[in-house]
Amino acid sequence: MFSDKVIIITGSTQGIGLKTAELLVRMGARLVINSRSPQKVEATLCYLKEITPHAIGIAGDVSNYEFCLELRKFAIGSFGRIDILINNAGVASSGLMKDIVPNAFEKVLNINLLGSIYPTMACINEIRQQKGSILFIASVAGIVGLPNYSAYAATKRAIVSLAESLRSELTDDGVFVGVNYPGFTENEDQKTIINAKGEEVLLQKRRGVKALSRERTAEKIIEQLQKRKFRMYSSFSAKAIQLMYRIFPQLTLNILRHYRMKISSMQ
C-alpha cells in the first residue's frame, strides 16, 4: 500500500515519528522527514539512507506557515506529489495552571496546534488531488483533560476537533482524515518537555506507568492509515478511557480528581 507513496512526517527525527518513518521506508515509501534541528535531520537521514535512497529531509519550524510552504515545495520538487501527511510534531508539557507562565502556554499552543494546522493548510490541495491521507497524532490527554497537563491536554483536544471538522469537509474529495491516540510511550533519553516556566527540560523517566514501545505505537499509526479508520488507539487503556468518558463522563472526571496527585507525578 505504501510503495512509492510520498509521505511527510513532521517531527520525525526521534520517538514515535522516527520509528514510523523507519517502518514506512521499509515498506517502500518515499519519505520527507522534518525537525527544527538541522543536526537531527542530517543524523536521521544518515540512518534512513542505510535502508532506502528515497528519504529526504528539511529542517524548520512547522508552527511557521512560511516554512510549511517551503516544506510542500521541497516535497513536490523532490518527489512530484504528496500522498500522505502525518502531523506528528509536538511537545510535552506539564505544570499546574496556577504556576504556568503565559509564555509556556503559548509555546505549547504554537508547537502542538499550529504545528498541525499549518502543514495541513500548506499541503491540503496536493493531498486532495491524490485522494490521499491526513493523520493527526493526538494523545490520551486529548480524550479527557488530565491534571498538571492543562496546556498539553488543551492542544491535543483541539487537534481532535480539528480532525473531526476536516473529515467532514473532505468527505466528497476521497481524502482520509484520521486521529491517532498514542498511550504512554517510551522516550529516548534526550526527550524534552516544557515546564511551567516555559523552559525546555529533559523528560524524566515515567514512574508508576507501563510505557508502550515506540514500535508498537508506530505500528498502530501505520495500521490506521491502511484501514483508513478515523480513530485508533495504541493501547487498550486508551480505548477504555475513551469509552468510559463517552458513557460515564462525570464518573471519569471524579476518578481523575481522586487520583490527581498520582497523575500529576507522572512526568
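**A helix pair and its sheet**

Modeller: In this predicted model, helix α1 (residues 15-26) and helix α2 (residues 38-48) have axes that come within 11 Å and cross at roughly 30°. Axes here are lines fitted to C-alpha atoms, for helices over the stretch in contact, and angles run from 0 to 180 degrees between N-to-C directions. α1 is therefore roughly parallel to α2; angles under 35 degrees count as roughly parallel, over 145 as roughly antiparallel, 65 to 115 as roughly perpendicular and the rest as oblique. The crossing of α1 past α2 is right-handed, a term used if the near helix is turned clockwise from the far one by less than a right angle. Helices (H or I, at least four residues) and strands (E, at least two) are DSSP runs, numbered from the N terminus.

At the contact between the helices, Leu 18, Glu 22 and Val 25 of α1 meet Thr 44, Tyr 47 and Leu 48 of α2, contact meaning heavy atoms within 4.5 Å. By class, this contact has four nonpolar, one polar and one charged residues. Ala, Val, Leu, Ile, Met, Phe, Trp, Tyr, Cys and Pro count as nonpolar, Asp, Glu, Lys and Arg as charged, and the others, Gly among them, as polar.

Turning to the sheet, seven strands form an open sheet in the order β3-β2-β1-β4-β6-β7-β10, with parallel pairing; two strands pair if DSSP finds at least two bridges between them. Because β3 (55-59) and β10 (231-233) stand at the edges with a single partner strand each, one side of each has no neighbour in the sheet. From one strand to the next, the twist averages 15°. Within this sheet, β1 (residues 6-9) and β2 (residues 30-35) pair in the parallel sense over four bridges, and Val 6 has Arg 30 in β2 as its bridge partner. Helix α1 packs on the sheet, where α1 touches β1, β2 and β4 (84-87), and the direction of α1 makes about 170° with that of β1. Another helix, α6 (residues 214-227), lies across β4, β6 (133-137), β7 (176-181) and β10, and runs at about 155° to β7.

As to conventions, residues are numbered from 1 along each chain as its sequence is written, and side-chain values use heavy atoms, with hydrogens and water left out. Local features need pLDDT of at least 70 and side-chain atom pairs count only at pLDDT 80 or more, whereas totals for chains, interfaces and linings use all residues.
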